[in-house]
Amino acid sequence: DDDEQADKYLLADEVLTAGHAGGHRIAALQVDVRDSKACATAVESIAERCGRIDILVNNAGIAIRKAPEAYSAEEWHRVIDSNLTSAFLCSQAAFPHMKRAGGGKIISIGSLLSQMGASFAVAYAASKGGLIALVPGIVTMALVFVAMALLGYPLNAGTAMVAALAIGISIDGTLRLFLRYNALCRRTSNHEEAIVAAVRKEARP
């Protein structure tokens, strides 16, 4: 409602004031994170203003509390698009900038309801469960691109598809890759060698 919107603007102003008082370079943008063009435009604006993007926090979220049978299709899509689709769109827009910068962090805020379920907020719980499945896919592909660059393979649509098919973008494959990578990191302090070795072993038939 109007009061809630006013509170959000007031909080943004307080954050800006505190940031400027502390000597930090900070800005606030109003973005419809359900819209791919709006997300891309916002990310480009931030990259242009700051020179690079080091971190993305996917924290947008809403919940509609009612029984599952009482949801309208519009309400379902509003929650899913605000909580889950927004994370994909923002991550998709930020990833190229992070890749060019040599790295970055993407943090998506989840919820215990994704594991426990909630009869009073099924769309919210489903959206947070979707984040659990989304994040490993993004991280795995990012690791694949880094390893391909270290190995000297050209990064294009064809090689990316081959890499995705070879390694398997799935939660199971992601966990296996991380476990192998962590085990190798315990044996060496060279993390670049560890990720290259882990990807090579996972990609091996």
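Predicted model: local features only at pLDDT ≥ 70, side-chain atom pairs only at ≥ 80, totals over all residues.
Figure 1. Side chains of opposite charge can pair when their charged atoms come close.

**Figure 2. Two further salt bridges.** The model has four salt bridges in total. In one of them, Lys 66 pairs with Glu 75, and their closest N and O atoms are 3.0 Å apart. Lys 66 is partly exposed, at 26%, whereas Glu 75 is buried, at 14%. Asp 32 and Arg 34 form another salt bridge, their closest N and O atoms also being 3.0 Å apart. Asp 32 is partly exposed, at 36%, as is Arg 34, at 39%.

**Figure 3. The largest nonpolar core.** This core has 10 residues, including Val 43, Ile 53, Leu 56, Leu 89 and Met 98. Helices α2 (36-50) and α3 (73-101) each supply at least two of its residues, and α3 gives the most, with five. Ala 93 is in contact with Cys 39, Ala 40 and Val 43, leaving aside its neighbours within four places in sequence.

**Figure 4. Cysteines without a disulfide.** Cys 90 is buried, at 13% relative accessible area. The closest cysteine sulfur to that of Cys 90 belongs to Cys 39 and lies 3.7 Å away, too far for a bond. The model contains zero disulfides.

Definitions and conventions. Residues numbered from 1 in each chain as written. Heavy atoms only, no water. Disulfide = S-S within 2.5 Å. Buried < 20%, exposed > 50% of the residue type's maximum accessible area, 1.4 Å probe, protein only. Core = buried A, V, L, I, M, F, W, Y, C linked by side-chain atoms within 4.5 Å. Helix = DSSP H or I, 4+ residues; strand = E, 2+ residues; numbered from the N terminus. Contact = heavy atoms within 4.5 Å. Salt bridge = Lys/Arg side-chain N within 4 Å of Asp/Glu carboxyl O.
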